[in-house]
Amino acid sequence: MHVDTLLVTGIHREELKFGDHVAALFNADTIDVMRISQGIPQIRTTTDETFYSNTQHREIYLQLRQQIKGRYRLLIDLHCGIDEAGHCADIFCHDRHFLACLATQPAIAEPAASVRLIKIVEPNTNTAVNSKDSIVDADAHTWIPREIWDDDRCTYIGLEVYLQQGNEGTEEDWQFARTLIENIQICTG
Ligand SMILES: [Zn+2]
């Protein structure tokens, strides 16, 4: 059977170990994994608006697009960050219908999980004044090329899972990421 989801790990090289642990929880018949062993250095940002922000990011995503074009319906770009509270995540997506579906998924809707849904918006829109609705928690810009995040045939999801410390995470973090990925996959149905 053709697998229609690609999980990309290691775009930021410091996050590769976390990605390896999460990828190990999936069977090859439900998800394809692209492991980027030579990712770019992680950049810690302090605001939603900056998400990923430099030309290195642009280049690595254009290469990714070259490699995968047309083969998948869902691209999940896995990242990890630090949050002292742990057990929380941000999901970035441009497609409003997809975001609406995500908002109904159990692991995402559950308040204890604190999963924020963030809409990727066009470069020239002001995220501070852009209309927020009940589904979306925030708007954000990204330097990821628009061809990636605004593609009707393949939905782009940026998934950032927050760890309490380090880059690797714990069994609980990996399982949390897995549940979120499974919830995201349901929305391609
Ligand atoms: Zn990252």
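Predicted model: local features only at pLDDT ≥ 70, side-chain atom pairs only at ≥ 80, totals over all residues.
1. A term to start with: two residues are in contact if their C-beta atoms, placed from the backbone, lie within 7 Å. Leaving aside residues up to four places away in sequence, Leu75 touches Leu6, Val8, Ile68, Cys154, Tyr156 and Ile157.

2. As background, nonpolar side chains tend to be buried together in soluble globular proteins.

3. Next, have a look at helix α1, residues 16–23. Its buried residues are Leu16, Phe18, Gly19, Val22 and Ala23. Viewed down the axis of α1, these fall within an arc of 155 degrees, so they line one face of the helix. What do the buried residues of α1 pack against? Their partners are the strands β1 (5–9), β2 (32–35) and β3 (74–82), along with helix α6 (171–186).

4. Strands β1 and β2 run parallel and are joined by four bridges. Leu6 has Asp32 in β2 as its bridge partner.

5. Finally, a residue in a loop: His87 sits between β3 and β4 (88–93). Is His87 buried or partly exposed? It counts as partly exposed, because it has 16 C-beta neighbours inside 10 Å. His87 touches Ala113 and Phe176, again not counting residues up to four places away in sequence. From His87 to Leu163 the C-alpha to C-alpha distance is 7.0 Å, although they are 76 residues apart in sequence.

How values were computed: Residues numbered from 1 in each chain as written. Buried ≥ 20, exposed ≤ 12 C-beta atoms within 10 Å, placed from the backbone. Helix = DSSP H or I, 4+ residues; strand = E, 2+ residues; numbered from the N terminus. Arc of directions from axis to C-beta. Pairing = 2+ DSSP bridges.
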